[in-house]
Every structure is written in C-alpha cells, then in structure tokens.
Amino acid sequence: MVAVTGPVRVLFVGGLGRSGSTLLELILAQHPDVCAVGEVVHLWERALGGDERCGCGERFTACDFWQRVGEHAFGGWAAVDRDEVLALKAEVDRTRHIPRLARGELSADQLAPVRRYADLYTRIYRAATEVTGAEVVVDSSKHASLAFALRWAPDLDLRVVHLVRDSRAVAYSWAKQVRRPEVVDSEAYMPTFSPFTVSGLWTAQNAAFHLLAARVPLVRLRYEDFTADPRGTVARVRRFAGLVDTPDALRVLDEPAVPLVRAHSIAGNPLRFSAGPLKVRQDNVWRENLPPRSRAVVSAATLPLRLRYGYLGNRRTDRTEAS
C-alpha cells in the first residue's frame, strides 16, 4: 500500500450520459498510473444497496479492490450509513443546488454539509490511490452538481474533462433500450428519455460546466474529435491530468490490438465489461435512424450550444461514438 499524504489528484469526467465517458475512462485505465473507478455517484445506491457487478465482473461485495478501498476509507463498508449518505446527497448533490455551489463563498451552515459530502468521495479516491499506487483517480460520474460539490473539498486536486457529444446523437442513444448487465438477480434496463427531455438535460448539464470552468481547471473535449483522433486526445487528457507522456499508455490503441485490462468501475456503459480488443470507430447511425421530428425538436432546443460547439449539421463534425 502507498500512503498518500497530499491532495488526491482526481480527473472528473463531466457531461451528459451517452457521450463516451466509459470509453475514454477505459482507455485511460489501461496504464497503472491511472485508477478508474467509474461513476462513484451511484456507489451508494447501486453498489452498497444493490450489490451490482463491478467492471471487473465480480459483485461489489466480492470485489477485492472495492473491499480494500472500503477498509482503507471507512474501516469497512459496514461502517457507512447508506441512508445518511443518501440524505446528505439529496441535500447537496442536485442540479438545483448548482447556483449556490458555484458561489465564491458559502456560509458556515451551507459549507458544512457540502464538505461532509465531498469528504466521502475524497476518502474513496485517496483509498483507491493507496490500494493501487496510481497517480490519478478517474471518476466518470458526469453529474455537474457533484463536480461543484467536490470543488469545495480541501484535499482534492480536482481537474475536469467536460465531454460533449452532438445533442442529436445523444438523443438517439437515450431513446434506445439498453440492458444493464451489472444487475445480476433480475433483468434491468437503463432509462429512456424523450427528445425534449434529453434536450433540456443536455443543455443544463453542459451549461453548468461552462460555469464550473471559472472555478476549477477544466478542458473541453468533443467526443467526435476523440473518435477522429483517439491517440492525440488521450495524450492530451493525460497531460491535463499531470501524467507523463509514455507510449505504454496508448498501447491499447495499437495494431494488433492488445487485451483490455478491466477497470474496477461502478456503473456506466456495458462497454466496461468488454474483454477487448478495443476498437474506436465512427458510428453515424443516428443520422439515418433518428426520426425527423425528433431531430427537429433536438436541433431547435439545443441550437445555442450546438452552434458554440461547432455542430452545424456538417457531416465532418457529426462523427460519433464507436467501440
């Protein structure tokens, strides 16, 4: 075990779901200087509450990594009052609380629950680095409200990757029914959302990260550019995270492809259970399959930020996810 005494370096991947965070996280996790823990925001309900499968394939209670993390962070997961954490989460970690969390200062009464909530994550991140010896923890929770809460943690070196994907591609993805393989005892699916709902979520989440950029180090990344140049993108993200350039970190993108090292990730895209090899390719299926009415709704509702991000309907800029 490696003792970590200074601030814990955390790379938080933010944005709206179905924007490629699992793919980016999985590639980053192929080098031992990175520990990818998935969407920790869901740990309290899905891992502690549902004993769902970790990205390694084991249930949470059977995963040696997460049991060691729990021991180092809290003296064991049994010491965590899940109901108390969920109540604290409701008090702190909601989109409607972002205006308050974005302030330059908080009163003592306002700051106390935020610090208590952020400390839970800090303990998990610190334990993950101690257990693995990694330099950086990647949390792909995506929720802007959590990122805003974490900025108040005194012992975190927080850096944010704002991951953006064309709203029309995101709307098409959220309309599909996707099974959740991490749920063992029953058949469960990810939620689906209407184009109008996705438009509101996409706009709110991405706009929030523009606000966060004034408070913490943040780099914005279009997923379409990631799929066009995965090697250059991953190298750029690693430099932003303070990691050294090394060819070994990009071996998973080499030809012939090498087997994947599974990350101990909580929640996320089913891709995290893949044994590889990993292929990054363009997928423009939404262009043909997104119904015209849905396209019109999303295009109009998200127009201001689509223009800002360069999504002008040009096929060159409409490259989307692949795995």
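Begin the tour by selecting the cysteines of this predicted model, in which the count of disulfides (pairs of cysteine sulfur atoms within 2.5 Å) comes to 0. A disulfide is a covalent bond between the sulfur atoms of two cysteines. Cys 35 is in no disulfide, and the nearest cysteine sulfur, which belongs to Cys 54, lies 9.8 Å away. Cys 54 is likewise in no disulfide, the nearest cysteine sulfur being that of Cys 56, at 3.7 Å. Colour by accessibility next, where buried means under 20% relative accessible area, exposed means over 50%, and partly exposed lies in between, with a 1.4 Å probe and protein chains only. Cys 35 counts as buried because its relative accessibility is 7%, and Cys 54 is buried with a relative accessible area of 1%.

As you select residues, keep in mind that they are numbered from 1 along each chain as its sequence is written, and that side-chain values use heavy atoms, with hydrogens and water left out. In this predicted model, local features need pLDDT of at least 70 and side-chain atom pairs count only at pLDDT 80 or more, while totals for chains, interfaces and linings use all residues.

Most residues other than glycine have a negative phi, and most peptide bonds are trans. Arg 18, although it is not a glycine, has a positive phi of about 70°, and at 12% relative accessibility it counts as buried. Its charged end sits over the ring of Trp 174, 4.1 Å from the ring centre, a description that requires NZ of Lys or CZ of Arg within 6 Å of the ring centre and within 35 degrees of the ring normal. For another such arrangement, select Arg 151, whose charged end sits over the ring of Trp 152, 4.3 Å from its centre.

Which residues does Pro 191 touch, not counting residues up to four places away in sequence? With contact meaning heavy atoms within 4.5 Å, Pro 191 touches Arg 18 and Trp 174. Pro 191 is placed in the loop between α8 (167-175) and α9 (195-212), and it counts as partly exposed because its relative accessibility is 44%.

Select His 42, in the loop between β2 (34-38) and α2, which counts as buried at 15% relative accessibility. Leaving aside residues up to four places away in sequence, His 42 touches Ala 47, His 143, Ile 266 and Ala 267. Ala 267 is found in the loop between α11 (230-240) and α12 (285-289), and it too has a positive phi, of about 60°, although it is not a glycine. Ala 267 counts as buried, at 5% relative accessibility.

Then go to Asp 166, in the loop between β4 (156-164) and α8, which is buried with a relative accessible area of 0%. Its side chain makes a polar contact with the side chain of Arg 168 at 2.7 Å. A polar contact is a pair of N or O atoms within 3.5 Å; within protein, one must be able to donate a hydrogen and the other to accept it, and residues adjacent in sequence count only if both atoms are side-chain atoms.

Show helix α4 (residues 82-92), whose buried residues are Val 85, Leu 88, Lys 89 and Val 92. They cover an arc of only 105° around the axis, which puts them on the same side of α4; the arc is that of the directions from the helix axis to the C-beta atoms. What covers these buried residues includes α2 (43-47), α5 (98-101), α6 (108-132) and α7 (144-150). At the start of α4, a side-chain oxygen of Asp 81 reaches to within 3.2 Å of the backbone nitrogen of Asp 83.

In helix α13 (residues 292-301), the buried residues are Ser 294, Val 298 and Ser 299. Because they cover an arc of only 125° around the axis, they lie on the same side of α13. The face turned away from that buried side carries the exposed residues Pro 292, Arg 293 and Ala 300, while α8, α9 and α14 (303-309) are among what covers the buried residues of α13.

Terms used. Helices (H or I, at least four residues) and strands (E, at least two) are DSSP runs, numbered from the N terminus.
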